[in-house]
Amino acid sequence: MAIEGIPQTMLAAQLVQYDKPYEIREVPTPNSLSAHDMLIRVAVASLCHTDGMVTAGIFKTSLPCTASHEGAGTVAALGSNVNEFHIGDRVLCGLAYGRCGMCADCTGPEESTQYCTKSGEYVVVDAREANLLPGNLSFQSAAPLACAGTTIWSGIVRAELKPGEWLAIVGAGGGLGHLGVQMAKAQGLNVIGIDTRDEGLAFSTSCGAHTIDARNGKESVVAQVQALTGGAGVDATVNVSDANSAAGLSAAVTKMHGRMVQIAQPPEVSIPFAELVFRDVRVVGSLTSSRGEAQKMLQLVAKHNIKVHTVPFDGLAEIQKCVELAHSGKLVGKGVILIDKEAVENDEKSDNVTI
């Protein structure tokens with residue numbers, strides 16, 4: 001169907017050459033929608049670690065490629081088969097687009113649907129993957145949840161822990177880690193945050209974790225974890241650090257027969273065989289959440305007033321400053337780009353929006 005009342009062009013920050021800065025370009029606004037599509041006027045977008053991997057050419061992504069797959073905004077137009085959303089709804093933009101609906105992942109357990117290999121990232125949003133935002137959640141807080149939030153939430157779900165058990169997060173002081181600490185604590189878990197940066201350790205502590213400095217070495221970290229957990233180690237560990245030694249450290253702090261969830265995406269995941277074989281640590285990979293799991297995450301964030309720490313940049317012209325801060329190692333939380341200033345200002349004025 002054709003879209004009426006929408007400007008024919010829009011601005012986009014696009015990667016035109018690998019390892020080069022984004023260019024602000026005028027591009028055509030999508031001029032038609034498939035039956036399940038929604039066109040979203042993006043209010044806030046944030047940059048993900050994966051954006052850096054795209055920029056480096058690791059995924060051999062087709063160019064030009066528009067930056068960011070984390071965003072929140074307002075529904076501007078609807079496809080003919082979209083019934084559960086309305087023009088003006090505030091939504092979290094789901095990452096998956098155009099799942100086939102027929103493969104084993106799509107027809108299996110709901111929490112595995114996001115692994116459909118026939119889907120791609122959105123240009124316009126697939127209504128079957130989007131979520132309504134809770135009334136108390138701002139666009140600025142919501143944008144990082146579209147990928148960072150769903151990613152760390154998926155790791156915590158796959159850790160399969162019960163209230164009172166122990167979870168370690170390696171890389172706890174970053175954009176994913178600080179969300180994971182709060183999400184885990186909201187579910188009654190005891191959380192240990194492991195990091196190598198002074199800023200990250202302080203940030204993890206402020207979010208409620210017991211913190212341990214990984215710069216003291218593996219033996220020291222393991223000893224401190226065991227002291228906190230009565231000698232056994234944590235029941236599960238989620239690794240969001242792509243440092244060479246992070247996966248091995250994650251396995252080492254996990255108790256015998258425990259579970260280590262690998263989220264980080266280094267070129268190679270290296271774990272000493274003694275951790276896997278002699279101690280029977282179970283390693284599970286995790287990518288992101290399904291729509292249903294994302295809805296549970298949003299409910300948890302809203303109910304427990306989980307704070308998404310953002311560093312805002314004003315408009316697309318500021319995107320390179322955001323990239324440089326992220327690469328400096330000094331970024332605390334998530335860098336976000338404020339695109340629709342009117343929507344952001346309306347959030348700030350609303351009595352309902354609290355986080």
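**View 1. Helix α4 meets helix α10 in this predicted model.** Here the axes of α4 (residues 148-159) and α10 (residues 291-304) come within 10 Å and cross at roughly 100°. (Axes are lines fitted to C-alpha atoms, for helices over the stretch in contact; angles run from 0 to 180 degrees between N-to-C directions.) That makes α4 roughly perpendicular to α10, a label covering 65 to 115 degrees. Helices are DSSP runs of H or I with at least four residues, strands are runs of E with at least two, and both are numbered from the N terminus. On the α4 side, look for Gly149, Thr150, Trp153 and Val157; they meet Glu293, Ala294, Lys296, Met297 and Leu300 of α10, where contact means heavy atoms within 4.5 Å. Sorted by class, that makes five nonpolar, two polar and two charged residues (nonpolar: Ala, Val, Leu, Ile, Met, Phe, Trp, Tyr, Cys and Pro; charged: Asp, Glu, Lys and Arg; polar: the others, Gly among them).

**View 2. Domain 1 against domain 2.** Domain 1 takes in 9-146 + 290-352, and domain 2 is 148-285; these bounds come from an automatic or database domain assignment. Their C-alpha centres lie 27 Å apart. At the join, 27 residues of domain 1 touch 19 residues of domain 2. The two bury about 1,900 Å² between them, 59% of it on carbon and sulfur atoms (buried area is the accessible area, with a 1.4 Å probe, that two parts lose on being put together, summed over both).

**View 3. The six-stranded open sheet.** The strands go β13-β12-β11-β14-β15-β16, with parallel pairing; strands pair if DSSP finds at least two bridges between them. β13 (210-213) and β16 (282-285) have a single partner strand each, so one side of each has no neighbour in the sheet. On average, neighbouring strands here are turned by 20° against each other, direction ignored.

**View 4. Zooming in on β12 and β13.** Four bridges join β12 (residues 190-195) to β13, and Ile192 has His210 as its bridge partner in β13. Helix α6 (residues 198-206) lies across both strands, running at about 165° to β13.

**View 5. The three-stranded open sheet.** Its order is β2-β1-β4, and the pairing is antiparallel. β2 (23-28) and β4 (65-66) are the edge strands, each pairing on one side only. Six bridges join β1 (residues 9-15) to β2; Ala13 has Ile24 as its partner there.

**Notes.** Residues are numbered from 1 along each chain as its sequence is written, and side-chain values use heavy atoms, leaving out hydrogens and water. As the model is predicted, local features need pLDDT of at least 70 and side-chain atom pairs count only at pLDDT 80 or more, while totals for chains, interfaces and linings use all residues.

Terms used
Parallel < 35°, antiparallel > 145°, perpendicular 65-115°, else oblique.
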